[in-house]
Amino acid sequence: MLDTVTKRRIDTARDILVGKVPDPKSQVEQITIALIYKFMDDMDADAEELGGKRKFFKGDFARYGWAKLMRSGLGGHETLNLYAEAIGKMPENPGIPLLFRDIFKNAYLPYRDPETLKSFLKIIDEFEYDHSERLGDAFEYLLSVLGSQGEAGQFRTPRHIIDFMVQVANPKKNETVLDPACGTAGFLISAYKHILRANSSPDAIARNAGNGEAALHTSKIPAAKGDLLTPDEKKKLADNFRGYDISPDMVRLSLVNMYLHGFTDPHIAEYDTLTSQDKWNETADIILANPPFMSPKGGIKPHTRFSVQSKRSEVLFVDYMAEHLTPGGRAGIIVPEGIIFQSQTAYKTLRKMLVDEYLVAVVSLPAGVFQPYSGVKTSILLLDKSLAKQSDTVGFFKVENDGFNLGAQRRPIDRNDLPQVLAEMGEYLRRLRAKGSVAADDFTPTRGLIVAKEKIAANGDFNLSAERYGEKHVSTAAWPLVALGEVTSRLSGGTPSKQNEAFWKGSIPWVSPKDMKSDEIYDAEDHVSDEAVKERSVTLVPPGTLLCVVRSGILKHTLPIAITRREVCFNQDIIALTPDPSRLDVQFLFRMLQGKNDDILARGIKPGVTVQSFHNGFFTTFEIPLPPLAVQQEIVAEIEAYQKVIGTLQSQIAAYEARIRGAVDKVWNGDVSDDEAASSTNGG
């Protein structure tokens, strides 16, 4: 369990850096490098106390020892120059192992303020290296500030969700464990702790519980040290864990995290899982991952060994993990909802492969699990290569509450479905292993349902939305009507003073009705500054906000609405609606309002005015149907598929119209040949 003193030190170190190093990832890197620097000197000091010799800071590198860096009388600029030189040269130090050289690779000091550095090093000096679980937990807390890399679709997985997935997969001491998109190695470390607990005596677990070791949010089981494992088993266990990541920064953080949790030689590689073939022949007994959701612009250029041909990263990662399981392998994968129901060929091909050969269960997670970084809706796919082939059913389970509210702060609450889902899924899997199959009427979980594979395959799309197979169906369900005020937050816009030129010398788009010409807003004709936002002259809204024109002469014809794709401000003729991500998908809201354009204008516009505007409070009381989130997203996907068809047909119609005009012009201009005229006469 993270003690308050260590937490305070980490927070203080970040507070010192934030003025010079505003990026959270860079803050984590600077603290990581400084801690490892300090810990190497601590280990040298311990070796000397035991009668040994220094190995990290000796020879030409002795002058970089931590004690020399922190000695009194050393001036600020001298300290800064010595520290910057030391971390830059550390990869050349022959006395440190390859692991540490990798950690210091490309390390540098991103600021040149001696006072900031001295204050920072003073806090780092308070940490002591004892290779304990407590220190590993401290580093986990430090990594939690990373949050997300939203542009790549990467979001840090909450610890309790990681632990839940590990408990379901249940890795054993002799099994290999892989995360092919490992980030900071959270899944690998949780799996390692799980195996240690399973191989600890009750007395050892009780002792660790008494020492205040961290407890799992889902199971309340304390950490343990694996005292029932032999030394050979512990060595083999450490060798069984592997991780890949495409980012060298993430690899560096993974190496440190693994090292601080007891891995003296962690197997973390910088590797592009989707385009490289170097590790294609490596398999694993357990694969756990939260792979990137989004593909880079221009897509991915994967090699040809994947079973499913696609350039979507989420499709390829799931394919990769399924194909790289050993014959008895198991996997837990967090996936976006597109994997669950998208209708494109690659998605359907992937789902068919999973249902036929790998999939045993799907767990639907609340939309706010990744708050405050994203409201994206996700599910967990649970694969068991041997069990799936003998089963003719798939279990569907739903988590509505995970022990935290779904707001930006994710505060703890009393409602937590994870233990119940864990127990029911465990019973379902136990019955599968005992009988080879579980009929839908043999076992009825309270948090889900059991569906025959035959039913999933019936219409050929292999949809993995549980709602599709429940008593209600999307095409016939009567969803409850809910007022927009219950599921959205409303903000009004404004216009900065024209007298203050500084308000208008910025790069933030300021949207007015004339900019609302498409379904998505990327920019505007006018722009405002950060100062205008700070002075509250305008309202700034994030990407994924719905803007709606509420006052304009064009409201007699149409209702302009659009979704923001970047941070924007807007004027007083527009309102912003931000959906509650746990209940309402912004694309669904957009489609519902767009589809009821005429009805909204007929009911909401004030009569007898030259410039049309809506009745006060109309967008608070206006009601929309509210199906479950998964169904909302399924409906949006269906509408978008129809729109693509319409777009194709419109292009074809335009082409035929052009040909008709061309034929008429030919006749009018006398350009028709004798053969063409004869053909027309003969009905050709």
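The residues that line the largest cavity of this predicted model divide into seven nonpolar ones and three charged ones, with no polar residue among them. That cavity holds about 70 Å³ of space, and the count of cavities of 30 Å³ or more comes to two. The chain around these spaces has 684 residues, of which 50% count as buried, and it has 25 helices and 25 strands.

**The largest cavity**

- Rolling a probe the size of a water molecule over the atoms shows where empty space is left.
- The lining of the largest cavity is made up of V168, A169, R330, A331, V360, L382, L383, D384, L429 and R433.
- Two or more of these lining residues come from each of the elements α8 (159–169), β7 (325–336), β9 (378–384) and α17 (418–435).
- The largest share of the lining, three residues, is given by β9.

**The sheet of five strands**

- Five strands form an open sheet in the order β15-β23-β19-β21-β17, and the pairing within this sheet is mixed.
- Strands β15 (488–492) and β17 (520–521) stand at the edges with a single partner strand each, so one side of each is left without a neighbour in the sheet.
- Helix α21 (residues 586–595) packs on this sheet and touches β15, β19, β21 (561–564) and β23, while its direction makes about 170 degrees with that of β21.
- Strand β19 (residues 546–549) and strand β23 (residues 574–579) run antiparallel and are joined by four bridges, and L547 stands opposite A576 in β23.
- Three bridges join β19 to β21, again with the strands running antiparallel, and here C548 stands opposite I561 in β21.
- Strands β17 and β21, by contrast, run parallel and are joined by two bridges, with I563 in β21 as the bridge partner of E520.

**The two faces of β21**

- In a regular strand the side chains alternate between the two faces of the sheet.
- Which way do the residues of β21 point, and are they buried or exposed? I561 and I563 point one way from the strand, whereas A562 and T564 point the other way, and all of them are buried.

**The sheet of three strands**

- Another open sheet has three strands in the order β18-β16-β22, and its pairing is also mixed.
- The edge strands of this sheet are β18 (526–528) and β22 (569–570), each of which pairs on one side only.
- Strand β16 (residues 508–511) is joined to β18 by three bridges, and these two strands run antiparallel.
- Across this pair of strands, W510 stands opposite D526 in β18.

**Two asparagines with positive phi**

- N106 is not a glycine, yet it has a positive phi of about 65 degrees. N106 is found in the loop between α5 (98–104) and α6 (114–124), where it is exposed, with a relative accessible area of 66%.
- N170, which is not a glycine either, has a positive phi of about 55 degrees. N170 lies in the loop between α8 and β3 (177–179), and at 31% relative accessibility it counts as partly exposed.

**Contacts along the chain**

- Among the contacts in the chain with a separation of 6 or more, 73% are between residues 24 or more positions apart.

Notes
Residues are numbered from 1 along each chain as its sequence is written. This is a predicted model: local features need pLDDT of at least 70, side-chain atom pairs count only at pLDDT 80 or more; totals for chains, interfaces and linings use all residues. Side-chain values use heavy atoms; hydrogens and water are left out. Two strands pair if DSSP finds at least two bridges between them. Contact means heavy atoms within 4.5 Å. Axes are lines fitted to C-alpha atoms, for helices over the stretch in contact, and angles run from 0 to 180 degrees between N-to-C directions. On a 1 Å grid over the protein atoms alone, a cavity is a set of points where a 1.4 Å probe fits but cannot get out, and a pocket is an open set with protein on both sides within 12 Å along at least five of seven lines; lining residues have an atom within 4 Å of a point. Grid points are joined across faces, edges and corners, and a volume is the space filled by probe spheres set on the points. Ala, Val, Leu, Ile, Met, Phe, Trp, Tyr, Cys and Pro count as nonpolar, Asp, Glu, Lys and Arg as charged, and the others, Gly among them, as polar. Buried means under 20% relative accessible area, exposed over 50%, partly exposed in between (1.4 Å probe, protein chains only).
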